[in-house]
Amino acid sequence: MTTKKTILIVDDDQDYLYQMKNRLESFGFQILLAESQKEAEELIEKIKPDIAILDLMMENEDSGFILCYKMKKKYPDVPIIIATGVAAETGITFDINDENNRKWIRADRFLDKGIRSEKLKEEIDQLLKINR
Amino acid sequence: MSTLKILVIDDEPGIRSGISRILRNFRVDYPFMEEAFDFEVREASTGEAGIESIENDKPDILLLDNKLPGIQGVEVLEYVRKKQMNIIVVMITSYASLELAVKATSDGAYDFIPKPFTPQELKSSIENITKRVFLKKMTNKLQETGKQIRFQFLSVLSHELKAPLNSIEGYLQMIRERQAGPQLESYDYMVDRMLQRIKGMRMLILDLLDLTRVESGKGKRDIKEVNLVDVAHTAIDTMRPYSIQKDIRLNLHGNDTITVMADSEEMEIIFNNLISNAIKYNREGGSVDCTLSRNENCVEILVEDTGIGMTAEDSSRIFDDFVRIKTEKTKNISGSGLGLSIVKKLIDSYKGEIEVTSEPDKGSIFKVKLPINKPCS
């Protein structure tokens, strides 16, 4: 008998949260939602999720990175996915950030927000297994 | 093919010739680069000789040992940094002095390669640096042509346009898969949200049209005598239904005629934006006061509201493109984040000024000054 794994999703787009909750609940996960970096920070003070999916641009352009950094500091063993809707278009700009930020960010995955449900589940399962 | 100049400063001849040999036929090529890079390696055995070579040859990349007979590697690094030379410095260092290398990276070295290194390690490090040089060249080029701003603008724009599309698509998929069961009513929320997002997108498109007009406009401008009081009246009348809905009083103060030489459509954009914001970010039962006045040099427009206000930090950002203040109080208010940046650009183009004073939960005051003959103030 396994207990449900908890996924923390942080994004400032309420529709994205609603849809992700729906998708991931149907895969049998328990979902926690936060609409901002600040809200997420308060939440993880009380609860340790099994995995987190963070949006990149929230209150500030780099909220996702900062939240990622703070989470890794608090819970080094919780895998983090950074989901972004801009990767493809920003190309070079994002690559630069990528290069510089990868050194200290340590996100486990960078995924495009348009990723298909099955693929997303695959990624999540993989990350959860690695850390078991 | 482009050639990058590499200078190796190391007192061990073996290291120098080794690096030269490894990089002689090495090439870096990525699909995203317009051209491939190869390398020309020069050598120096002391820091002093190195600096001379730096001055004469202007290398792109510097591979720098720290332990040198005369001046130390970090001093060479310091020299490059002080002269603000466009050189990427990589420290070559033994594991024993790793700490120093880390410090060097915080002092401006780009990276460090621990000694001893394999040819592969050296190559992959050079590969990364080349990528970086390429990107730097690219950003410099973009900045020169002013494309950088355009580029950033486009990336933010694509984010703003894609988000609502993704959200609508997501809901449609949920509906297609009948995820909430067979009852139609179960989908009301999703439909409402989609309509909301479409509305937001329409607003964004309208604002974008204004913005392109502002940015490309000058030639098409139709400068005539405009009575700002009329413009203000029209704006207020347009917003009336919206203000009634939120039970907000709209007041216009000042004379009957205050004229400026301007494009009347542009003046409408300014008033519409300021007044609709004052309603949008107001509290129920609040009020909006628009006051027009003039002195001999300029016209002053004040738009005051009794709304949610904002912090000083937020007020300093709101005239930038796509900035929306995201707080608990604003999360259900939709907007493109372009309105005030358009207003600011317009006012700038008339050599006017706009400023905001605001207090959270008290309200905001936007003050616009437009010059009549010569600069205001």
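Q: What share of chain A counts as buried in this predicted model?
A: Of the 132 residues in chain A, 33% are buried. A residue receives that label if 20 or more other C-beta atoms lie within 10 Å of its own.

Q: What is the make-up of chain A in helices and strands, and in which pattern do they follow one another?
A: Chain A contains six helices and five strands. Along the sequence they are arranged as β-α-β-α-β-α-β-α-α-β-α.

Q: How do you know what part of the contacts in chain A joins residues 24 or more positions apart?
A: Among the contacts with a separation of 6 or more, such pairs account for 68% in chain A.

Q: Why are the buried residues of helix α2 of chain A said to line one face?
A: The buried residues of this helix, which spans residues 37-46, are A:Gln37, A:Ala40 and A:Ile44. Viewed down the axis of α2(A), they fall within an arc of 60°, so they line one face of the helix. The face turned away from that buried side carries the exposed residues A:Glu42, A:Glu45 and A:Lys46.

Q: What covers the buried residues of α2(A)?
A: The covering elements include β1 (6-10), β2 (30-34) and α3 (63-74) of chain A.

Q: What makes the relation of α2(A) to α3(A) roughly parallel or oblique?
A: The two axes come within 10 Å and cross at roughly 10°. Angles under 35 degrees count as roughly parallel, and α2(A) and α3(A) are therefore roughly parallel to each other.

Q: Which residues make the contact of α2(A) with α3(A)?
A: From α2(A), A:Gln37, A:Ala40, A:Glu41 and A:Ile44 meet A:Ser63, A:Ile66, A:Leu67, A:Lys70, A:Met71 and A:Lys74 of α3(A). By class, five of the contact residues are nonpolar, two polar and three charged.

Q: How many helices and strands does chain B have, and what share of its residues counts as buried?
A: Chain B has eleven helices and 13 strands. Of its 377 residues, 30% count as buried. Among its contacts between residues at least 6 apart in sequence, 66% join residues at least 24 apart.

Q: Why is B:Thr3 called exposed?
A: B:Thr3 has 10 other C-beta atoms within 10 Å. A residue is exposed if that count is 12 or fewer, so B:Thr3 is exposed.

Q: Where does B:Thr3 lie, and which residues does B:Thr3 touch?
A: B:Thr3 belongs to strand β1 (residues 2-9) of chain B. Leaving aside residues up to four places away in sequence, B:Thr3 touches B:Asp38, B:Phe39 and B:Glu40. Its C-alpha atom is separated by 5.5 Å from that of B:Phe37, 34 residues apart along the chain.

Q: How do you know that the buried residues of helix α2 of chain B line one face?
A: In this helix, residues 47-57, the buried residues are B:Gly47, B:Gly50 and B:Ile54. Their directions, seen down the axis of α2(B), fall within an arc of 50°, so they line one face of the helix. On the face turned away from the buried side are the exposed residues B:Glu52, B:Glu55 and B:Asn56.

Q: What do the buried residues of α2(B) pack against, and which residue follows the helix?
A: They pack against β1, β3 (37-44) and α3 (73-82) of chain B. B:Lys58 follows α2(B) and has a positive phi, near 45°.

Q: What makes α8(B) oblique to α9(B)?
A: Helix α8 (residues 228-245) and α9(B) pack at an angle of about 40°, with their axes 9 Å apart. Roughly parallel requires an angle under 35 degrees and roughly perpendicular one of 65 to 115, so α8(B) is oblique to α9(B). The crossing of α8(B) past α9(B) is right-handed. By class, the contact has eleven nonpolar, six polar and one charged residues.

Q: Why is α9(B) called oblique to α11(B)?
A: The axes of α9 (residues 264-280) and α11 (residues 339-349) of chain B come within 9 Å and cross at roughly 140°. Roughly antiparallel requires an angle over 145, so α9(B) is oblique to α11(B). Their crossing is left-handed.

Q: Which residues of α9(B) and α11(B) meet?
A: B:Glu266, B:Ile269, B:Ile270, B:Asn273, B:Leu274 and B:Asn277 of α9(B) meet B:Gly339, B:Leu340, B:Ile342, B:Val343, B:Leu346 and B:Ile347 of α11(B). These residues divide into eight nonpolar, three polar and one charged.

Methods: Residues numbered from 1 in each chain as written. Chains lettered and ligands numbered in written order. Predicted model: local features only at pLDDT ≥ 70, side-chain atom pairs only at ≥ 80, totals over all residues. Axes fitted to C-alpha atoms, helices over the stretch in contact; angles between N-to-C directions. Helix = DSSP H or I, 4+ residues; strand = E, 2+ residues; numbered from the N terminus. Left-handed = near helix turned anticlockwise from the far one by under 90°. Contact = placed C-beta atoms within 7 Å. Nonpolar A, V, L, I, M, F, W, Y, C, P; charged D, E, K, R; others polar. Arc of directions from axis to C-beta.
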